[in-house]
Structure formats: C-alpha cells, structure tokens
Amino acid sequence: MTQGRSQALTEVSRSGDDFAVPNALDPVRRGQHCRSWAVGNRRRILVSLVAWPWQYKSISKTGYNSVWWTAFLIVGAFYFWIIGIGAEPARFAWNSGLEKHYGLPGPTVIQGTYAVRGYYDLLARAFAHGKLYLPVVPQPELLALPNPWEDPANERYRMLDTVLYQGHYYLYHGVAPVLLMFAPWYLLTRHDLPENFAAFLLALGGYFFLSILFVRLLSFVSLHVSGILAMLCLLALGIGQSIPFLLHRALLYEVAIACGFCCVSAGFYFLFRWLTAVRRQTLWAALSGLSFGLAIGCRPHLGLAAACAFVFLLLLSDSGARFLQRFTRKDVLAFGLPVIACGLAILAYNYARFGDPLEFGLRYQLGEASYQNIRLSVPNIVPGLYYLLLCPPDLVPVFPFFRLAFRAPFDGLTHDGLVHLPARYFLEPTGGVLGLCPVAFLAILTPLCRKGFGGRRGIFAFVSTMLVFTVGCILFLAATGLTSQRYEVDFEPFLLFVACIVACELRGNMPKLPRLFSTAALGFLLVYAIGANAALALQGPYDQFVQASPHAYVQLAKWFSPLKAYRPVENPPLRAQAEFDLPWPCTLGREPLITAGEFGTRYHLSMQCVTVGRIRLFSETSYRSPDWRSVDVDYIPGLNRAGLEFTPQDRTMIVSWNGHVVLQHRLRFLITAPSQIHFGWDPTLGNQHEFPRRIVVRRQELNASLP
C-alpha cells in the first residue's frame with residue numbers, strides 16, 4: 001500500500017515531560033510554571049478526551065478485513081431479525097398457500113382486498129408454463145364493468161396493483177427478480193420462494209457489494225481511517241438508511257426495490273474493479289454492464305446509473321484516443337452490449353404483453369386513483385424534493401423515539417397557502433434524508449475532493465459519477481408525484497456512500513485538532529443515522545412488531561426508557577375522564593376525545609356528529625389495523641363527560657358518556673406510557689388536529705408500576 005496523505009492518529013501526549021511537576025524551589029517561578037503548566041495541559045486533556053475514541057492507529061488491510069466481516073455479520077443478523085418481527089406470522093413461509101388463497105387453477109376466489117400476496121411467485125409459475133400473464137382469472141363482474149380500471153367501482157373485484165389487459169392479469173413491476181430468483185427456484189423445486197426471503201438475500205447482497213466497494217476504495221487510495229470510524233461507516237451503510245425499513249414488510253414492491261439496490265451496488269463495484277484492474281478489464285466492464293442492465297429490469301429509472309457509468313467509462317477509457325474511437329474499445333463494448341441487451345429484452349417483453357415496447361402496463365393498472373397513470377410533472381418536483389430530502393420525522397420522547405409523519409409541504413417553514421400538493425399526488429408517511437441520515441448531505445462537498453484521493457483523477461470521477469446518479473434519481477422520483485419511504489432506497493445508500501468517502505478524504509487533510517473534532521462529529525452523525533433508521537425499521541410502515549409481539553416490544557422498550565413517565569407499560573389499569581364542550585347543533589367531522597399510546601399501540605376514542613342532539617362514539621385501536629366499535633349517544637349543549645376505564649384482567653376498555661357506561665370493547669392489548677395519555681388529540685403520524693373547543697380534564701390515572 002502506498003503512503004497516504006493523512007497520518008494515523010496517535011497519542012496526544014508523547015512524553016512524560018508534558019505532565020512533569022514544575023520547579024518547586026523558587027516560589028515565584030513555581031507560580032508562573034504552575035499557571036503555564038495548568039493552561040497548557042488543560043488543552044491537552046481536552047483534546048485527549050475528544051480524541052480518545054478515534055486515536056487508534058489506522059487499520060491495515062488485514063484490519064479492514066476484520067472490520068468488514070464484523071460489520072457484515074452484524075448487518076446480516078439485523079436484517080434477519082427485522083424481516084421476521086411482525087409483518088409475517090413466520091419469518092420465511094415456505095408453504096405459500098397460493099392455491100388456497102387464489103383458488104388455483106380455477107377462477108380466483110379473492111374479492112376486494114388490499115392483500116398483495118405472492119405476485120412474483122404467480123408470475124414465476126406463469127413463466128414456467130410459457131405464459132406472460134398471471135395464472136389467476138379475473139372475475140366476470142370486473143370484466144363486465146363499463147370501465148374496469150376505474151376506482152372505486154372495481155374495488156370489490158380487483159387484484160390490487162395488478163394490470164388488467166385483454167382479460168388477463170399482468171404485473172407492471174420489474175421482471176428481473178423473477179428471472180433471477182423466483183422462476184429458477186420454482187423450476188428447480190416446484191415450490192414458491194417466499195418474497196421476504198428473496199428481499200433478505202437481495203438486500204444483503206446489495207450491502208455486500210457496497211460495503212466491499214467502500215473497503216476497497218479506502219485501501220486503494222490509502223485513506224487512513226481508525227477501526228472505529230471504519231466500523232461506523234460500514235454499519236451506517238447497512239443500517240443507517242432505509243433498507244432495514246424496507247425489510248420489515250417485504251412484498252413484491254420491496255422485492256423489486258431490493259433487487260434494484262443489489263444490481264446497482266454490484267454495477268458500481270464491478271465498475272470500480274474495471275477502474276483499478278491491471279488486467280481482466282473487459283470482464284469487469286461486462287459484469288458492470290450486466291448488473292446495471294438488470295437494474296433496469298427491476299426499476300426502469302435505475303437506467304440512470306447505467307447512463308452515468310457509461311459516460312464515466314467512455315471518458316476514462318483512453319484519453320489519447322479520439323472520442324468516436326473510444327466507442328469501439330473492448331471494455332466499452334463489453335459494458336454497453338449487456339445494457340443494450342437487457343434494454344431490448346425489456347422492450348420485447350412489453351411488446352409481447354401490450355403490443356407497445358414502451359408500455360409497462362401503468363395505463364391499465366388496477367389501483368387507487370391517487371397513483372394511477374403516473375406521469376412526470378414539473379409541479380411535483382418541489383414537494384417531492386421536500387418529502388425525499390427535508391421532511392422531518394416525528395421525534396417523540398417514547399420508544400422508539402423516531403416516527404414517520406404526514407406533513408404538508410414545508411410544514412412549519414412557510415405560511416399557510418404558499419405551497420400546495422398537486423391535484424394528483426400520492427403520499428405515504430415519510431421522513432426525509434436530512435432528518436434521518438443527515439451525514440448523507442456531506443456528499444455535496446464532493447467538489448472539494450477534486451485534487452484529493454492522492455491525485456487519482458479516476459477515483460474522483462468515480463465518486464462524482466455515483467453522486468450524479470443519486471441527483472438524477474432524486475429528481476426523477478420527485479417528478480413522479482409518488483412519495484413513499486421505501487423509494488429512498490433507490491438513492492440513499494449511494495448518497496451515504498459518497499458522503500462517507502468524501503468525509504474520510506477531507507478529514508485526512510485537516511490539521512490535527514480540527515481533524516479530531518471533525519472525526520468525532522462524523523462519528524456522532526453516523527451513530528445518529530444508525531439509531532434513527534433502526535427505530536423506523538422496528539416499526540415498518542404499519543408498526544407490526546408491537547402488534548405481533550406486544551410483550552417483546554415492551555421488554556425491548558424498557559432498555560431504552562429510563563424515565564417512568566416515558567416508559568411503555570403493557571395492559572396497565574387506566575382511568576381517564578374529561579369534559580368536552582360540544583356546540584348546538586354539532587359540527588360535522590370526526591373529533592378526537594381521548595387517546596392512549598401511538599400508532600401501532602394506539603387506543604383512540606373519538607366522536608362524530610350524527611344529527612342534532614346525537615353523536616356517534618368510536619372506540620378503535622391501531623391506526624393501520626383498527627379494531628373498532630361504535631355507539632350512538634345523546635349529548636347536551638356545553639360540557640359532556642367522556643370516560644375510559646381499562647381492566648387488565650379481561651383487557652376490556654369500558655367507555656362511559658355523561659356517567660353512563662355505553663360501550664365495552666375487548667382489546668388484544670393496551671400499551672401506553674403515562675405521557676401518551678392525550679385529551680383532544682391523537683398524535684399518530686404527526687397529526688396536529690386537536691379538539692377545537694374547551695376541555696376540562698377530571699381524572700387521569702395510569703398504574704405504570706406494573707412489571
């Protein structure tokens with residue numbers, strides 16, 4: 001390994017003389033020396049405390065291998081744990097039960113459901129029998145509709161998020177995962193491959209390539225990084241971004257995204273091998289092109305990575321040759337031909353299904369109107385950038401501390417009415433990169449490394465190529481008008497990779513003291529990203545961990561909840577009463593009354609006007625999987641008393657209205673912290689709507705001392 005620019009961190013105090021006792025013979029000199037000694041060594045002690053976690057010598061190539069293996073095992077174990085903590089009854093369900101679920105091979109028996117189950121396995125079965133459409137027959141009632149694609153008229157009969165064309169169901173999702181995993185597995189075993197197992201392998205494969213690339217790049221340019229900092233970077237690349245969140249609930253949406261992540265990571269890894277190889281450059285270029293081509297088969301817009309990589313390879317292939325001559329070089333052809341072959345195969349696949357090589361099936365999609373007929377639009381870009389990059393998560397004092405939220409664009413940053421969502425905009429709870437992985441924004445400092453990396457122009461160009469791809473991917477996603485946390489996987493891992501490389505390079509060129517403080521700040525940001533994204537991974541999109549294993553959730557929360565007021569408790573005795581001022585006549589719309597817990601642990605009592613003098617009370621649980629009861633009651637103008645009493649013995653929530661028991665609701669569980677009892681407000685998903693009139697709290701008792 002060549003000599004690097006940045007030196008290894010060493011001990012701050014190098015000799016015992018730094019802390020020698022001053023001359024004790026002369027009182028005057030003794031006082032002067034004492035003051036000088038105290039001032040000088042106070043600074044050394046402060047620097048030592050800051051530098052202590054980072055002052056170990058830079059690790060060798062063997063050390064990099066040990067750090068990488070440790071990080072890989074930790075990330076792999078975390079992925080394995082996350083993928084089985086709640087979204088599925090079994091971690092990997094090898095008995096898919098698709099025959100019973102869909103009534104195969106006859107007409108489907110499924111009606112009007114949001115369950116998206118085994119779609120890639122169905123397509124693998126179709127491929128095995130030489131068909132391009134799913135082996136599920138659409139219901140005659142669906143085909144008989146004047147417009148079978150119209151939502152919500154088709155809701156009772158449709159298979160959600162499939163494509164209906166000429167009497168058959170197709171998929172608009174990328175076909176590459178089926179060709180790489182599902183179809184080969186079915187042909188070999190005649191069994192279905194669990195989609196969450198495929199997502200696990202693809203996510204771990206993507207991390208493998210990206211983490212190996214990180215270690216190889218550091219070693220190649222001799223960036224001297226301490227073992228702790230290298231470990232944090234590697235853990236952040238695996239956990240400090242949205243891949244763990246993706247794995248919590250892995251259906252075909254997540255499988256396609258995970259496969260795209262794996263293919264793009266492999267493409268950049270092989271591209272780096274081409275850049276640094278002395279021989280076999282053609283092989284590495286071909287593998288890179290094939291990987292980027294398969295990425296297009298997962299998510300078509302990931303072709304941006306192939307385009308950026310091709311320009312990079314073209315410009316660096318032979319600086320002495322004429323521009324047009326570079327297209328005929330072996331390595332350029334080896335890269336370009338697999339990409340072109342994959343692109344042509346996708347066009348042929350589309351033509352065979354829909355008679356149009358550019359039609360992926362989105363025009364015939366069965367789904368909600370908010371995301372049908374996707375089109376790139378300039379008005380979508382500003383809110384899209386806000387949600388992908390800037391939208392803050394909801395920070396709460398109760399475990400797991402970070403939650404996604406529904407927010408208006410630039411909520412809290414602009415006055416009402418300045419920014420509106422376009423008429424057709426699909427939005428799910430989202431947290432931007434700035435709030436969940438702020439270290440990724442260090443990637444904008446890439447231009448400062450133009451003369452860095454030991455003067456290796458190709459390394460700077462490689463890092464810049466990855467950055468350009470992430471910028472293009474962000475702009476594309478923002479323009480679609482579709483916002484979901486899982487979409488950040490398309491760009492966030494690569495943006496974080498660039499940020500880690502740039503940060504390690506820049507800190508190596510700093511003077512000693514700034515380098516120590518910047519390294520400590522970098523370590524803090526990496527730990528923050530790991531913790532924030534691990535917290536979101538525990539919840540997933542529907543907070544299913546606590547719903548599947550409430551006791552395990554509470555036990556885990558205790559480790560991170562030292563304060564009693566913010567510690568979740570399982571099935572505690574609860575009594576809450578408050579008086580709510582109701583107008584005459586009552587106003588339309590749902591109003592919150594009393595809430596305990598939040599999101600997956602939420603219990604919520606609310607009211608809605610039925611008619612003059614009469615309202616309907618709703619008793620409901622989790623936001624995403626509500627179990628609800630309702631009852632109509634009379635009310636009087638002015639203050640009306642609502643009360644809750646939860647009895648742990650039978651897990652029954654007793655609802656009273658103006659002193660009379662009106663409803664008894666048996667719950668699966670009640671999990672709440674004392675601080676999560678709210679009157680007139682449900683804080684789930686960042687909700688800011690509150691009861692608009694006077695509230696008088698009469699009673700609030702929660703026995704949080706139970707084990």
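The legends below describe several close-up views of a predicted model. Residues are numbered from 1 along each chain as its sequence is written, and side-chain values use heavy atoms, with hydrogens and water left out. Because this is a predicted model, local features need pLDDT of at least 70 and side-chain atom pairs count only at pLDDT 80 or more, whereas totals for chains, interfaces and linings use all residues.

View 1. Helix H8 covers residues 227–239, where helices are DSSP runs of H or I with at least four residues, and strands are runs of E with at least two, numbered from the N terminus. Its 13 residues should span 18 Å at 1.5 Å a residue, and the end C-alpha atoms are 18 Å apart, which agrees; the expected span is 1.5 Å times one less than the number of residues. Of these residues, 12 of the 13 are buried, so H8 is largely enclosed by the rest of the structure. Buried means under 20% relative accessible area, exposed means over 50%, and partly exposed lies in between (1.4 Å probe, protein chains only). Among the buried residues of H8 are Gly227, Met231, Cys233 and Ile239.

**View 2. Val527 and Cys233.** Val527 is found in helix H18, which comprises residues 512–539, and it counts as partly exposed at 47% relative accessibility. Although Val527 and Cys233 are 294 residues apart along the chain, their C-alpha atoms are separated by 9.1 Å.

**View 3. Helix H10.** The 25 residues of helix H10 (residues 252–276) should span 36 Å, and its end C-alpha atoms are 36 Å apart, in agreement with that value. H10 is mostly covered, with 23 of its 25 residues buried.

**View 4. An open sheet of 5 strands.** The strands follow the order E16-E15-E14-E9-E19 with antiparallel pairing, where two strands pair if DSSP finds at least two bridges between them. Strand E16 (660–666) and strand E19 (695–702) are the edge strands, each pairing on one side only. Strand E9 (residues 574–582) pairs with E19 in the antiparallel sense over 7 bridges, and Phe580 has Ile695 in E19 as its bridge partner.

View 5. In strand E15 (residues 652–657), 5 of the 6 residues are buried, so the strand is largely enclosed by the rest of the structure. Strand E14 (residues 638–647) is joined to E15 by 6 bridges and runs antiparallel to it, with Leu644 opposite Val655. The hairpin of E14 and E15 has 4 residues between the strands, and there Arg651 takes a positive phi near 55°. E15 and E16 form a hairpin with 2 residues between them, and Asn658 in the turn has a positive phi of about 50°.
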